[in-house]
Amino acid sequence: MMMNKDLPVTDDELHAYVDGELPADRRAAVEAWLAGHADDAARVAAWRLQADAIRARYSNVAGQPIPPKLQLARMSYASRRWKLAAAAAVIVAFFLGGFAGWMAHDTGGDAPEPFDHLTAQALNAHKLYAVEVRHPVEVAAADAEHLQRWLSKRVGCPLRTPNLEAQGLHLVGGRLLPTPTGTAAAFFMYENASGDRFTLYCTQTKAPNSAMHYNAAEKAGAIYWVDSNVAYVVSGTNERKQLWKVARAAYEQIEPRVSQHERAS
Amino acid sequence: MIGFKEEVQLAIPALRRYARALTHDADVADDLVQDTLVRALRSQHLFNGGELRSWLYTILTNLNRNRLRSLARRPAITAIGDNDAPDASSPEAGGRDIERALATLLEDQRTALLLVVLEGLSYREVAEVQGVPIGTVMSRVARARLQIRAYLENERPMLRRVK
C-alpha cells in the first residue's frame with residue numbers, strides 16, 4: 001500500500017504548503033519534493049516573496065489610527081451619499097422622461113412588448129437601488145404594514161408583500177416608482193445575509209396573463225409574469241436557478257391575493 | 001463575552017487594510033469600510049452567529065464588486081497614478097510594483113489572493129466569502145500567483161536587475 005507521503009506532489013499542494021493549509025502528513029513529502037525539483041522550489045519561493053511584498057505594502061494600514069468617520073460610537077447615520085442619491089434621482093427622472101418621450105413618439109407604430117419595456121425598467125430600478133447603501137428604500141421594513149397599504153393605494157390594486165424568509169431574504173422596504181406611461185409602480189427590496197439584493201416590481205397592466213419569462217442583462221437577471229392585470233418583475237442575481245426559486249416563492253404568495261381580490265370584486 | 005458591536009469594532013483595522021489593497025485608494029477604501037459597517041449594523045438581525053469576520057469580508061467584497069460594476073458603466077475610468085513612479089532603488093519601489101501587479105488581476109482572483117495572503121483566511125473561509133467551492137478558490141489563488149509572477153518578471157526587467 002502506498003503511504004500518504006509517497007504520493008506525487010501536486011500544484012494544489014504546493015499552494016497549500018505556502019498557505020499553511022497542507023495536512024501535516026504531507027509536509028515532509030512536499031519538502032523532499034522541493035529539495036529535488038528546483039523549478040517548483042523557485043515557484044514556491046516566488047509566491048512567498050509575493051505574499052511578503054503584499055503584506056509589507058498594506059499591513060501598516062491596519063496599524064493606523066481609525067478615522068472618526070469609522071468609529072462606530074461616533075458614526076453618523078446621516079448619509080455621506082445624499083449628493084449621490086440626489087444625482088441618482090436626476091438620472092432616474094431623465095431616463096424615465098426620455099423613455100416616456102420615446103414611448104409617446106412611438107405610439108403610432110407597434111408598442112414594445114410589455115415584457116421588454118417592463119423588465120428593462122424593473123432591471124434599471126434594480127441596478128440603481130440595489131447598490132444604494134443608506135437610502136435603498138423610501139419606507140423601511142419596520143413600517144411594512146404602512147408600506148403595503150400605501151403602495152396598494154398608489155398602484156391602484158391590493159398588493160401583497162411576499163415573505164421570502166424561507167429563501168434567506170429579509171425585506172428591506174419599498175418605494176414608489178413612476179412607469180413610462182405615468183402610472184405608479186411598487187418596488188420592494190429584499191436582502192440576504194451576504195448583502196445580495198432582490199427586488200420585486202409590480203404595476204397594473206392591460207397585458208393578458210402571462211407565464212414566467214426570464215431575461216438577463218449586465219450580470220443581473222429578471223423574471224416577469226402577468227397575473228390578473230398586474231405585471232410582476234423579480235430582479236436579482238443572474239444565477240438563473242436561484243432567481244427562479246425566489247420568483248416562484250413570490251408568485252406562490254402573491255397568487256392567493258389575486259383570488260381574494262376577485263372574490264371581493 | 002464581547003458583544004456584536006465590539007466585535008465589529010475590533011475588525012475595523014483589518015477591513016481597512018483589505019479595502020486599501022482592493023482599491024489602492026485610501027478615500028475609496030474608507031468609504032467602502034464605512035458602507036460595510038453601516039450595512040453590518042443595520043443587518044445585525046440577519047447575522048446568524050457564524051464567523052463575524054468572514055461575514056464582514058463578504059459584505060465588503062460584495063460592495064466592492066458593485067462599485068466596480070457601476071464604474072464599468074461609466075465612460076471613463078481613472079487609472080492608478082502612473083506619473084509618480086518612484087525611483088527603482090527606493091524602498092517604495094517594491095510596494096508600487098506589487099500594487100501594479102495586483103491591479104492587473106481579475107477581480108475574483110485579486111479578492112481570493114488578498115483574503116488568503118493578507119487577511120489570513122483559510123481556503124474554506126474564502127470559499128464562503130466568494131460563494132464558490134474550495135477548488136475554485138484554489139485555482140483563483142494559483143492564477144493570481146502565476147499572473148503576478150509573469151508581471152513582475154516581464155513588465156519590470158529594470159527592477160530585477162537592480163535586485
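This is a predicted model: local features need pLDDT of at least 70, side-chain atom pairs count only at pLDDT 80 or more; totals for chains, interfaces and linings use all residues.
Local features are reported only at pLDDT of at least 70, and side-chain atom pairs count only at pLDDT 80 or more, while totals for chains, interfaces and linings use all residues. Residues are numbered from 1 along each chain as its sequence is written, and chains are lettered from A and ligands numbered from 1 in the order in which they are written.

Chain A has seven helices and seven strands. Helices (H or I, at least four residues) and strands (E, at least two) are DSSP runs, numbered from the N terminus. Read from that end, the elements of chain A follow the order α-α-α-α-α-β-α-β-β-β-β-β-β-α. Chain B has eight helices and zero strands. Of the 265 residues of chain A, 27% count as buried. For the 163 residues of chain B, the share is 40%. A residue is buried if 20 or more other C-beta atoms lie within 10 Å of its own, exposed if 12 or fewer, and partly exposed in between; the C-beta atoms are placed from the backbone.

Contacts were also sorted by separation in sequence. Two residues are in contact if their C-beta atoms, placed from the backbone, lie within 7 Å. In chain A, 56% of the contacts between residues at least 6 apart join residues at least 24 apart. In chain B, residues 24 or more positions apart account for 61% of the contacts with a separation of 6 or more.

The strands of chain A build one open sheet. Its seven strands stand in the order β1-β2-β3-β4-β7-β6-β5, with antiparallel pairing. Two strands pair if DSSP finds at least two bridges between them. The edges are β1 (139–140) and β5 of chain A, each of which pairs on one side only. Strand β5 (residues 210–217) of chain A is joined to β6(A) by six bridges, and the two run antiparallel. One of the residues involved is A:S210, whose bridge partner in β6(A) is A:V226. Strand β6 (residues 220–227) of chain A is mostly covered, with six of its eight residues buried. On β7 (residues 230–237) of chain A, β6(A) finds an antiparallel partner over eight bridges. There, A:G221 has A:G236 of β7(A) as its bridge partner. β6(A) and β7(A) form a hairpin with two residues between them. In the turn, A:S228 has a positive phi of about 50 degrees. β7(A) also pairs with strand β4 (residues 197–204) of chain A, in the antiparallel sense and over six bridges. In this case A:T199 has A:S235 of β7(A) as its bridge partner. Helix α6 (residues 144–155) of chain A lies across β1, β2 (170–178), β3 (184–191) and β4 of chain A, and runs at about 25 degrees to β2(A).

In chain B, helix α2 (residues 26–42) has 17 residues. From first C-alpha to last, α2(B) reaches 24 Å, close to the 24 Å expected at 1.5 Å a residue. The expected span is 1.5 Å times one less than the number of residues. α2(B) is mostly covered, as 12 of its 17 residues are buried. Among them are B:A29, B:L32 and B:V33. The cover over the buried residues of α2(B) includes α1 (4–23) and α3 (52–72) of chain B.

Chain A gives 34 residues to the contact between the chains, and chain B gives 42. On the side of chain A that touches chain B, α1 (11–18) and α3 (38–63) of chain A are the elements that give two or more residues. The largest share of that side, 13 residues, comes from α3(A). By class, the side has 17 nonpolar, six polar and 11 charged residues. Here Ala, Val, Leu, Ile, Met, Phe, Trp, Tyr, Cys and Pro count as nonpolar, Asp, Glu, Lys and Arg as charged, and the others, Gly among them, as polar.

The axes of α1(A) and helix α7 (residues 134–154) of chain B come within 10 Å and cross at roughly 80 degrees. Axes are lines fitted to C-alpha atoms, for helices over the stretch in contact, and angles run from 0 to 180 degrees between N-to-C directions. α1(A) and α7(B) are therefore roughly perpendicular to each other. Angles under 35 degrees count as roughly parallel, over 145 as roughly antiparallel, 65 to 115 as roughly perpendicular and the rest as oblique. A:D11, A:D12 and A:H15 of α1(A) make this contact with B:M138, B:V141 and B:A142 of α7(B).

B:R140 also lies in helix α7 of chain B. B:R140 counts as buried because it has 23 C-beta neighbours inside 10 Å. Leaving aside neighbours within four places in sequence, B:R140 is in contact with B:D108, B:Q109 and B:A112.
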